[in-house]
Amino acid sequence: MNLVLDIAWTHVRSRMRQTAFAVAGVATGVGFSVMMAALMQGSQEDFMRQLINALPHITVSDDRRLPPRQPAEDAFAIAEFHGLTPEARRKGIKNPLAIVGSLEAWLPGAVAPSVQTKGILRYASRDVSVSITGIDPVREPKVSQLATQMRQGTLTSLYRTSNAMILGDRLAEKIGARAGSNITVQTSAGAKLNAQVVGMSHTGIRSVDESTAYVLLKTGQIIEQQTGLVNEMRIRVRDPMQARELASRIEEETGYKSVSWQEAHEDLLSSFVIRNIIMYTVVGAILLVASFGTYNIISTITHEKARDIAIMKSLGLNERKVRSIFVIEAMLIGIVGGLAGFVLGYALCLGLESIEIKSPFMDMNHLPLSYNPLHYAIAMGVALTSSLAAGYMPARKAARVHPVDIIRGAT
Amino acid sequence: MAGDILIEAKGVTRILPGIVPTTLVRNVDLAIRANEFVAITGPSGSGKSSLLYLLGLLDLPTEGEVTIHGKGTAHMADDERALIRLAALGFVFQFHFLLPEFTALENVMLPMRALGRLSREAMRTRAAELLDALGLAEHRHKLPDQLSGGQRQRVAVARALANDPPVILADEPTGSLDSKSSEQVFQILRDLVDKRSKTVVAVTHDLGLAERMDRRVQLVDGAIEAPADGARVT
């Protein structure tokens with residue numbers, strides 16, 4: 001082995017307790033910052049995931065955002081119009097099957113047409129105003145989690161009887177309905193319909209579970225008194241982060257208003273910026289504190305070796321060699337401490353994840369944690385930098401001192 | 001008969017800077033010739049150790065110059081001076097100054113490894129021979145803590161000889177030893193001059209020991225009192 005490496009290794013090995021303390025110091029810093037980062041990012045990702053899963057990635061509705069393009073605009077570059085309003089016309093998306101077909105041809109994801117309508121449910125003399133969604137039980141699982149969120153019955157239960165209906169579980173509780181109950185639906189248009197409850201869903205979002213009912217697409221059209229009506233298309237894309245671009249392309253192609261989940265939740269997303277700042281501040285503070293600890297221990301070790309540095313210099317080892325001994329020691333401590341910190345951080349994450357939370361308000365019963373290699377890399381980077389600085393700076397100072405000053409001091 | 005001049009101090013002055021500057025060595029001219037055993041003596045605080053450090057390139061003179069084999073050292077880079085210390089000079093201090101984590105053998109090997117001229121095996125063999133020659137054969141693999149003061153000092157001498165330098169500089173080599181160990185270490189240094197043709201410069205306040213060396217340089221307040229290049233005593 002190289003002399004410098006050998007001396008460094010011997011120092012580290014022969015002062016096992018001190019080395020262990022230094023390694024533990026680095027490991028604690030790395031471990032806790034990894035844990036903190038995992039916790040912060042995990043909760044954010046979980047929130048995002050819930051948001052993405054609970055809602056369609058893109059909603060195409062029968063509203064139009066812009067007034068129709070006028071023929072003169074196509075013909076003349078400087079034509080200008082005033083007082084135009086978005087086209088008023090028959091409700092619903094025109095020719096929905098053709099649009100579904102053309103979207104499915106290029107869109108990386110799935111499309112499900114649906115009917116959105118409002119109505120009043122009447123059961124056992126209780127009236128509740130609800131939003132009724134007419135769905136296609138075959139396409140629905142491709143765009144939403146509804147199929148997995150069924151508490152009772154399945155989506156295909158909707159085919160069991162005519163006018164079958166699935167209620168949100170809190171809604172059912174509110175009106176006291178159970179599977180098999182016959183309820184009356186009163187629509188805003190004045191139509192009346194007898195429906196039978198065939199299942200219950202539970203999304204975990206209170207406002208949704210309290211006021212949503214699902215029926216077949218056809219039933220929805222009957223409630224709206226308009227056959228063939230589709231007034232909403234819900235789209236789930238493979239990469240939710242692309243939703244914004246895809247939504248604008250859909251809007252361009254179909255002319256219908258398409259809203260990505262990002263646009264629908266702009267307010268929530270902007271609160272993430274603040275959360276991110278908090279996260280980086282907390283993790284940064286932990287890393288900073290940890291790196292001060294690392295610096296302290298390693299520079300103390302190096303200072304204690306000032307006499308040895310003088311001896312080696314007086315024998316004729318040059319400054320660079322003497323310095324690199326301590327830099328290597330610091331690096332060894334940093335690397336071993338960092339790796340131990342990885343283990344500690346991972347163990348802490350597993351520990352936190354195993355804690356069960358029982359809360360009536362949340363479906364989640366474990367802390368969400370994110371296992372991101374980047375957290376480990378950053379923590380290791382900071383630990384290595386601070387331990388290198390802690391080894392280098394005192395060693396440089398000690399190696400610069402004339403050996404005579406230390407030898408004189410000892411004599 | 002003294003040979004060529006190995007180390008020469010020309011008008012060397014060393015002033016320790018500070019609020020009140022202290023003059024450690026004052027205008028010293030001194031030549032160390034091959035195969036001499038020179039004693040630097042003087043009362044404590046007379047600057048004898050400081051002079052030795054200057055001769056050994058451990059310290060730099062404020063004025064004047066130290067030459068080694070006729071070569072000036074004032075304008076050398078630190079690394080160059082370090083290399084001369086490593087290859088051409090051997091040091092023995094009052095305290096052994098061995099690295100505490102390494103065995104006697106490893107300590108002796110250290111300068112050889114830093115110089116890197118021999119193979120690893122050759123270094124090991126040479127270090128073992130040096131220790132054996134100083135009567136430390138059975139202590140090769142002991143740590144400095146496990147050795148007596150005299151034994152440690154002998155290991156330090158072996159280390160000074162590691163790269164076979166022509167000159168050994170010793171700063172109170174027997175200063176912290178009992179009389180028996182002291183005699184042993186002195187005899188080793190004596191033999192280095194007589195049998196192995198080395199040059200030894202030793203700082204000592206023990207006049208009895210100084211009497212038994214070839215030449216004495218008496219320092220008072222940093223200046224040489226006796227004629228520097230006087231006749232040899234023996």
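Q: What counts as a contact between two residues here?
A: Two residues are in contact when their C-beta atoms, placed from the backbone, lie within 7 Å. In this predicted model, chain A gives 18 residues to the contact and chain B gives 21 residues.

Q: Which elements of chain A give two or more residues to the side that touches chain B?
A: They are helix H1 (3-14), helix H12 (306-315) and helix H15 (403-410) of chain A. By residue class, the side of chain A that touches chain B has 8 nonpolar, 8 polar and 2 charged residues.

Q: How is the size of an interface often given?
A: It is often given as the accessible area lost when the parts come together. For this model, the residue counts are 18 from chain A and 21 from chain B, and the scores are ipTM 0.82 and pTM 0.69.

Q: What span does helix H6 of chain B reach from its first C-alpha to its last?
A: Helix H6 (residues 179-196) of chain B has 18 residues and reaches 25 Å, close to the 26 Å expected at 1.5 Å a residue. Just after H6(B), B:Ser197 has a positive phi of about 55°.

Q: Which residues of H6(B) are buried, and what covers them?
A: B:Val185, B:Phe186, B:Ile188, B:Leu189 and B:Leu192 are buried. Their cover includes helix H5 (149-160), strand S7 (167-171), strand S8 (199-203) and helix H7 (207-211) of chain B.

Q: Where in chain B is confidence lowest, and where highest?
A: Strand S5 (residues 71-72) of chain B is lowest, at a mean of 82, and S8(B) is highest, at 90. Over residues 228-234 of chain B, the pLDDT is below 50, and this stretch has 11 contacts in the model beyond near neighbours in sequence. Chain B averages a pLDDT of 85, with 95% of the residues at 70 or above.

How values were computed
Residues numbered from 1 in each chain as written. Chains lettered and ligands numbered in written order. Predicted model: local features only at pLDDT ≥ 70, side-chain atom pairs only at ≥ 80, totals over all residues. Helix = DSSP H or I, 4+ residues; strand = E, 2+ residues; numbered from the N terminus. Nonpolar A, V, L, I, M, F, W, Y, C, P; charged D, E, K, R; others polar. Expected span 1.5 Å × (residues − 1). Buried ≥ 20, exposed ≤ 12 C-beta atoms within 10 Å, placed from the backbone. pLDDT = per-residue confidence, 0-100.
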